[in-house]
Amino acid sequence: MKITYAFDLQGKTTCFSLCVTALLVGMATICAAQEFTGIAPPRSEIDINRLIAELFPIPPDDSEELFEALLQRYASPLDLNTATPDDLAATFILSEIQLHAFFDYRAKAGALLSLYELQAVPEFDLATIRRLLPFVTIATRAVSFRDALKNPGQHFLMFRSGKILEQQKGFAPLDSGSASTTRYQGSPFNGYLRYRSARSGAYSFGITLEKDAGEQMWQWDTQRQILGIDYTSFHAQILHRGRLNNLAIGDFQMQAGQGMVLGAGFSLGKGSEVIRTVYRSTTGLKPYTSASEAGFFRGVAASWRIMRGTDITLLLSRTKRDATQEPDSIHASITTSLPVTGYHRTPSEIEKHHVLLEQNTGMHLLHQLASQKGQLGVTVLHTSYNSFIQKRDWAYNRYEFSGKQNFIAGLHGDYRWQNMHFFTETAISRSGGTGTIAGMIASAGRKLDMSLMARHYARHFHTLYGNPISEATRPINERGAYAGVRWSPSRRWQWSAYGDYFRFPWLKYQVDAPSRGYDYFLHLLWKPSKRLNAYILFHEKHKQTNDPAAAENEPALIQNIKRTATFNIDYELPLRCAFRTRVQFGTSKNEGSPVSNGFTVVQDVNWHFRKVEISARAAFFKTDDYDSRQYVYEKDMLYAFSIPAYYNTGTRHYLMLRYTASRRIKIWLRWSQTRYSDIEKISSGLNEINGNKRSEVKLQVMYQF
């Protein structure tokens with residue numbers, strides 16, 4: 001059925017053919033015939049690992065946080081009839097011109113009746129719609145809170161456990177001939193238990209329990225917030241009850257503005273998504289469901305509407321953090337570091353477990369401009385500790401946060417004009433240090449998208465929960481400028497590139513002088529059909545580091561250059577099988593030293609049967625040393641994430657089985673092994689394995705109520 005329409009993106013004229021109405025009626029008829037819900041195609045289980053691999057073929061440092069953020073969006077799909085531009089931008093799927101077209105369409109055509117209606121939105125193609133569908137929904141009517149509890153969209157109990165099959169040194173008996181005098185305190189099995197009941201736009205309730213391999217199974221210390229299992233997380237959330245937009249109790253996170261003050265957990269680094277990655281969406285309060293044991297608030301937060309277009313959010317948090325503490329002559333004790341690994345396996349690690357009390361009080365005031373044109377917001381956060389924080393007395397730590405309290409306030413805003421989107425945020429911390437980010441995203445027609453962004457983070461700028469885009473792991477002591485471009489001359493071809501220049505005006509760890517660097521990225525995608533796509537990419541990064549040959553009192557810097565080149569091809573027969581071949585080559589070179597080369601080739605295969613899905617990989621890798629290690633995403637169980645480092649010479653393979661035992665029960669079984677050809681011991685310390693192979697087995701069971 002052909003659709004004919006004219007649609008002016010500037011809103012000057014709009015003319016819809018009656019064929020649009022005929023299309024919707026026809027789609028509804030087809031849905032009824034196929035026993036669909038009538039408003040959407042059937043929702044299949046998404047492969048988050050594959051989506052991340054497409055967006056970020058070179059893994060960012062915070063891959064696990066990215067994984068959890070996308071998984072939350074999948075678990076709580078957006079209602080397209082109430083979603084804001086920031087909500088949809090946070091999926092990283094739609095371009096600026098597509099966002100503009102969608103909201104112009106919704107404003108003129110009214111609420112969407114079906115997800116099939118997305119085909120009538122100008123600038124939307126089928127490939128974009130397919131990628132968007134897992135993250136969106138349409139609410140057919142207002143649902144009372146009681147009805148939402150009776151009919152949750154997501155309601156499951158899941159358990160996962162596994163272990164490394166070879167014996168690690170930490171689990172072996174003490175050896176009188178060894179210098180090591182400690183061992184892991186718990187069993188070699190890890191454990192993960194998760195329960196969640198939720199309905200998108202109404203409520204969410206969940207509990208997460210996790211124990212790492214080597215940690216004790218049962219512990220109880222209410223003073224340290226250790227309640228049985230090593231890590232316990234709980235959240236309860238209520239949404240859209242009158243003026244109350246959001247109420248979160250337990251563990252939660254907050255994303256506001258460009259993440260200068262509040263941005264934990266929802267920040268993306270640089271990748272093949274060269275346009276949208278520069279902009280952070282204001283997604284507000286979100287329940288914290290990850291097993292990572294840092295970077296979240298624990299307490300209560302609420303957001304409610306104080307007038308039309310204006311919301312206020314208040315948060316209170318009181319939680320315990322891991323900390324390394326030492327005696328001090330002035331203070332009873334000082335905290336020298338805040339570990340975030342979450343491991344509590346040995347006596348020294350257990351000693352650091354939840355010994356630091358942290359309290360946070362925050363506020364976010366947000367005003368939405370008319371016609372979804374933009375927003376203005378103010379964010380403040382006060383953080384206090386019960387111990388004086390003072391990092392070790394090294395030159396590069398001179399401007400780091402010290403004391404018991406930090407206060408930070410920020411002002412953010414963005415504005416959309418036609419196909420251009422401008423955004424900025426500025427914040428100042430108690431130390432007087434400032435952070436600023438400003439940029440724009442523009443679409444020059446449907447074929448060309450561009451992004452520009454500049455950033456400045458002072459050497460004494462202290463944001464404890466901020467996470468704006470940066471080259472370093474934290475937004476401090478950095479200045480930079482970024483430019484990205486994406487050109488799609490046809491549906492089959494897409495070319496993307498970005499360049500980023502950065503400076504560090506003060507010293508850094510292992511960099512004993514001001515330094516600078518740059519990186520650039522090229523990505524060419526070819527997609528001749530729905531079944532086949534291929535891409536090649538090249539990434540090069542230049543950074544400065546200490547010269548090991550320089551005298552200690554005369555620091556000198558040398559250039560480090562890292563390059564990565566990748567060829568990837570995917571072929572899929574829907575609902576039957578899929579094949580992926582990947583060849584990756586990388587180098588690492590310090591000025592005046594030999595080049596370290598790394599290479600890997602990977603073959604993935606997925607088979608789909610009526611009740612069984614089988615996934616397998618065979619990989620070969622060869623690197624000169626750890627500096628040229630290769631990272632490649634692996635498919636894992638639902639709610640699990642895997643991205644091991646390939647280094648030295650060897651093979652890596654895994655086999656995973658997913659069995660749908662019944663409508664309510666799913667079972668996953670995964671075995672993986674890395675085998676090296678040129679080493680006799682793997683890893684070091686208590687993780688050391690005698691031998692040349694490392695194998696892991698995992699089991700996961702999910703019961704859906």
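Mentor: A salt bridge is counted when a side-chain nitrogen of Lys or Arg lies within 4 Å of a carboxyl oxygen of Asp or Glu. The model here is predicted, so that local features need pLDDT of at least 70 and side-chain atom pairs count only at pLDDT 80 or more, whereas totals for chains, interfaces and linings use all residues. Residues are numbered from 1 along each chain as its sequence is written, and side-chain values use heavy atoms, with hydrogens and water left out.

Trainee: How many salt bridges does a search of the whole structure find, and which residue does glutamate 123 pair with?

Mentor: The search finds 30 salt bridges; in one of them glutamate 123 pairs with arginine 446, their closest N and O atoms being 3.3 Å apart. This pair links distant parts of the chain, 323 residues apart, with glutamate 123 in the loop between α5 (96-109) and α6 (126-132) and arginine 446 in the loop between β21 (434-443) and β22 (448-457). Helices (H or I, at least four residues) and strands (E, at least two) are DSSP runs, numbered from the N terminus.

Trainee: Is arginine 563, which bridges to glutamate 540, buried, partly exposed or exposed?

Mentor: Buried means under 20% relative accessible area, exposed over 50%, and partly exposed in between (1.4 Å probe, protein chains only). Arginine 563 counts as partly exposed because its relative accessibility is 33%, while glutamate 540, at 7%, counts as buried. Their side chains meet at 2.8 Å, N to O, and since arginine 563 lies in strand β27 (residues 557-573) and glutamate 540 in strand β26 (residues 532-546), the pair ties together parts that are 23 residues apart in sequence.

Trainee: What does the side chain of threonine 335 make a polar contact with?

Mentor: A polar contact is a pair of N or O atoms within 3.5 Å; within protein, one must be able to donate a hydrogen and the other to accept it, and residues adjacent in sequence count only if both atoms are side-chain atoms. The side chain of threonine 335 makes such a contact with the side chain of glutamine 325, at 3.2 Å. Threonine 335 is found in strand β16 (residues 333-337), and is buried, with a relative accessible area of 0%.

Trainee: Where does pLDDT stay under 50?

Mentor: pLDDT is the predictor's confidence in each residue, from 0 to 100. The chain has a mean pLDDT of 87, with 89% of its residues reaching 70 or more, but the value stays under 50 over residues 1-38. Where pLDDT is low, the predicted coordinates should not be read in detail.

Conventions:
Contact = heavy atoms within 4.5 Å.
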